Amino acid sequence: MSTRGPRLVLLGKQGAGKGTQATRLADHYKVAHLSTGDLFRDAANFGHELGLEAKSFMDRGELVPDETVVGLVAEHLGIDDRAARGFVLDGFPRTRRQAEELRRILDGRPLDLAIDLDVPTEIVLRRIAGRRVFAQCGALYHVENPPKENWTCDACGGRVVQRDDDTEEAVMRRLELYEVETLPVIQFYRRAATLAHVDGSEETDDVFKQLVETVEAQFDPTKP
Ligand code: AP5
Ligand code: MG
């Protein structure tokens, strides 16, 4: 009997821990981790036109236009048949239109679960203020959880820095857009009965454990 990995969407406010947990879930289930924010940051670091265009929106805390994001996700889900084999989407969909487009891209293959990582705003603000990253490999740290040596990435040795869009102004705008644009996505998945909530305010390991339990309760690897 052939099996596959889960098809998951992680939703949650900026700083809720989507990137942290999506990396672990993708490792655990041996599926692709697709973070639209990381893909744009990579493209900008390499000086690609798509990345530079996206960066002008990101640095202001605005959303990149739907057409651009949807095209990027469709391309990446097409690689190695990820749409069928399983994936963890982190940061997409973020508007109702993106959620509809994802359904179209999946072309009849159902999403197993959209999980809303629930974290109060005062906690996400603290997490974002202390976040440090190495953009090229996407590794995530925090001032309270730094890399082992002198702010260089444990995995790659690159310089770990603050993200360009982690300024107070951009963060407030991102949180505002979350309420306006992304809460309707939660509603969209609630209606489709594929929504689960996990408390993301606990310790990282406890949140991960809860996420895996939630996926296991819903996901049937033998269903195509
Ligand atoms: P994106 O990169 O997705 O940023 P975001 O949504 O603002 O979310 P974050 O990455 O800030 O938070 P996170 O939930 O991943 O938290 P993390 O794990 O890092 O998008 C950036 C921009 O790209 C957007 O603003 C937009 O311009 C554009 N974009 C991307 N996707 C788009 C789309 N679909 N449509 C249009 N535009 C798009 O954790 C945060 C910190 O907390 C870290 O330091 C971490 O170490 C720490 N932490 C995590 N979990 C815990 C825990 N349990 N306890 C303590 N600390 C923790
Ligand atoms: Mg992230």
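Author: The questions below go from the overall form to single residues. This is a predicted model, in which local features need pLDDT of at least 70, side-chain atom pairs count only at pLDDT 80 or more, and totals for chains, interfaces and linings use all residues. Residues are numbered from 1 along each chain as its sequence is written, chains are lettered from A and ligands numbered from 1 in the order in which they are written, and side-chain values use heavy atoms, with hydrogens and water left out.

Reader: How do you know that the radius of gyration agrees with a compact globule?

Author: The radius is taken over C-alpha atoms, and the globule rule is 2.2 Å times the number of residues to the power 0.38. For 224 residues a compact globule would have a value near 17 Å; the protein has 17 Å, so the two agree. The C-alpha trace spans about 50 × 35 × 30 Å along its principal axes.

Reader: What makes up the secondary structure of the protein?

Author: There are 9 helices and 7 strands. Both are DSSP runs, numbered from the N terminus: helices are H or I with at least four residues, strands are E with at least two.

Reader: Why is Tyr-29 called buried?

Author: Buried means under 20% relative accessible area, exposed over 50%, and partly exposed in between (1.4 Å probe, protein chains only). Tyr-29 has 14% relative accessibility, so Tyr-29 counts as buried. Phe-219 is at 13%, so Phe-219 is buried too. Across the protein, buried residues make up 49% of the 224.

Reader: Why is Asp-80 called exposed?

Author: Its relative accessible area is 55%, so Asp-80 passes the limit of over 50%. Asp-80 sits in the loop between α4 and α5. Its phi is near 50°, a positive value in a residue other than glycine.

Reader: What makes Asn-150 count as exposed?

Author: Asn-150 has 66% relative accessibility, so Asn-150 counts as exposed. The residue is found in the loop between β6 (139-142) and α8. Phi of Asn-150 is near 45°, again positive in a residue other than glycine.

Reader: How many aromatic pairs are there?

Author: Rings of Phe, Tyr and Trp (its six-membered ring) pair if their centres lie within 6.5 Å; planes under 30 degrees apart count as stacked, over 60 as edge-to-face and the rest as tilted. By this rule there are 2 aromatic pairs. Tyr-29 and Phe-219 have ring centres 6.4 Å apart and planes at 85°, so this pair is edge-to-face. Tyr-29 lies in helix α1 (residues 18-29) and Phe-219 in the segment after α9 (204-218), so the pair ties together parts 190 residues apart in sequence. Phe-188 and Tyr-189 also form an edge-to-face pair, with 5.1 Å between centres and 90° between planes.

Reader: What makes a set of residues a nonpolar core?

Author: A nonpolar core is a set of buried Ala, Val, Leu, Ile, Met, Phe, Trp, Tyr and Cys residues joined through side-chain atoms within 4.5 Å. The largest one has 29 residues, and Val-9, Leu-11 and Tyr-189 are among those with the most contacts inside it. Helix α8 (168-191) is one of the elements that each supply at least two residues of this core. Apart from this core lies another, of 26 residues, including Ala-26 and Leu-113.

Reader: What does Tyr-189 touch?

Author: Contact means heavy atoms within 4.5 Å. Not counting residues up to four places away in sequence, Tyr-189 touches several residues, among them Val-9, Leu-11 and Pro-93. Pro-93 lies in the loop between β3 and α6. A cis peptide bond joins Phe-92 and Pro-93, with omega about -5°.
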